[in-house]
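Keep the structure open beside you as we go.

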Amino acid sequence: MKHIDQKTLEELEGEIWPEPGFKSYLTTTCYQLRKKKLAEFTVEDLRIMLGQSIGARHLLPKALIVLKENPFADGDFFEGDLLGAISRYPENMLLLDCKDKEMFRDICKTVLSSCDDPLPEPDRTQVEELVAYLNEQLSK
């Protein structure tokens, strides 16, 4: 297990968030997940945090490992919801090296070309846009 996996986002980023003033499920969960060791993150945890663009520098590589094994990996909503969440913030791809960008692009293409594509239309469109964004980044 990598050393980084034994750390929390708070430790890795050197920033401790104050308790949220607004006690919604999402804000409370994000606050708690920043205190969780990366090794303990579930697909749902990754979906939540990356869907909010929190901790992307450290969580995208973990998500890539999950998606390489199963491009349709899902949290608590639907098949492919992890990739759908990631695709909402294409600018986070700038945090990755070319090899990882290529892998993300290939995963996206696999999902889009699947006959059994379970992605709802808004997420499918976002994944298509992510492919275009990655193609642009990789051609530079």
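Histidine 58 is buried, with a relative accessible area of 15%; here buried means under 20% relative accessible area, exposed over 50%, and partly exposed in between (1.4 Å probe, protein chains only). You will find histidine 58 in helix H4, where helices (H or I, at least four residues) and strands (E, at least two) are DSSP runs numbered from the N terminus. Not counting residues up to four places away in sequence, histidine 58 touches Ile4, Leu9, Leu12, Glu13 and Leu38, a contact being heavy atoms within 4.5 Å.

Before going further, a word on what you are looking at. This is a predicted model, in which local features need pLDDT of at least 70 and side-chain atom pairs count only at pLDDT 80 or more, while totals for chains, interfaces and linings use all residues. Residues are numbered from 1 along each chain as its sequence is written, and side-chain values use heavy atoms, with hydrogens and water left out. The predictor's confidence in each residue, pLDDT, runs from 0 to 100; the chain averages 93, and 99% of the residues score at least 70. Confidence is highest in helix H3 (residues 43–51), at a mean of 98, and lowest in helix H7 (residues 121–138), at 94.

Leucine 59 also belongs to H4. At 0% relative accessibility, leucine 59 counts as buried. Leaving aside neighbours within four places in sequence, its contacts are Leu9, Leu38, Phe41, Leu46, Met49, Leu50 and Ile54. The C-alpha atom of leucine 59 lies 15 Å from that of glycine 14, which is 45 residues away along the chain.

Threonine 8 sits in the segment before H1. With a relative accessible area of 9%, threonine 8 is buried. Its contacts, apart from neighbours within four places in sequence, are Arg34, Lys35, Lys36, Lys37 and Leu38.

What lines the largest pocket? The lining is made of Lys2, Ile4, Asp5, Phe41, Thr42, Val43, Leu46, His58, Pro61, Lys62, Ile65 and Val66. (On a 1 Å grid over the protein atoms alone, a pocket is an open set of points where a 1.4 Å probe fits, with protein on both sides within 12 Å along at least five of seven lines; lining residues have an atom within 4 Å of a point.) About 160 Å³ of space lies in this pocket, the volume being the space filled by probe spheres set on the points, which are joined across faces, edges and corners. H3 and H4 each supply at least two lining residues, and H4 gives the most, with five.

Finally, the cysteines. A search of the whole structure finds zero disulfides, a disulfide being a pair of cysteine sulfur atoms within 2.5 Å. Cysteine 98 is in no disulfide, and the nearest cysteine sulfur, that of cysteine 108, is 16 Å away. Cysteine 98 is partly exposed, at 48% relative accessible area, whereas cysteine 30 is buried, at 5%.
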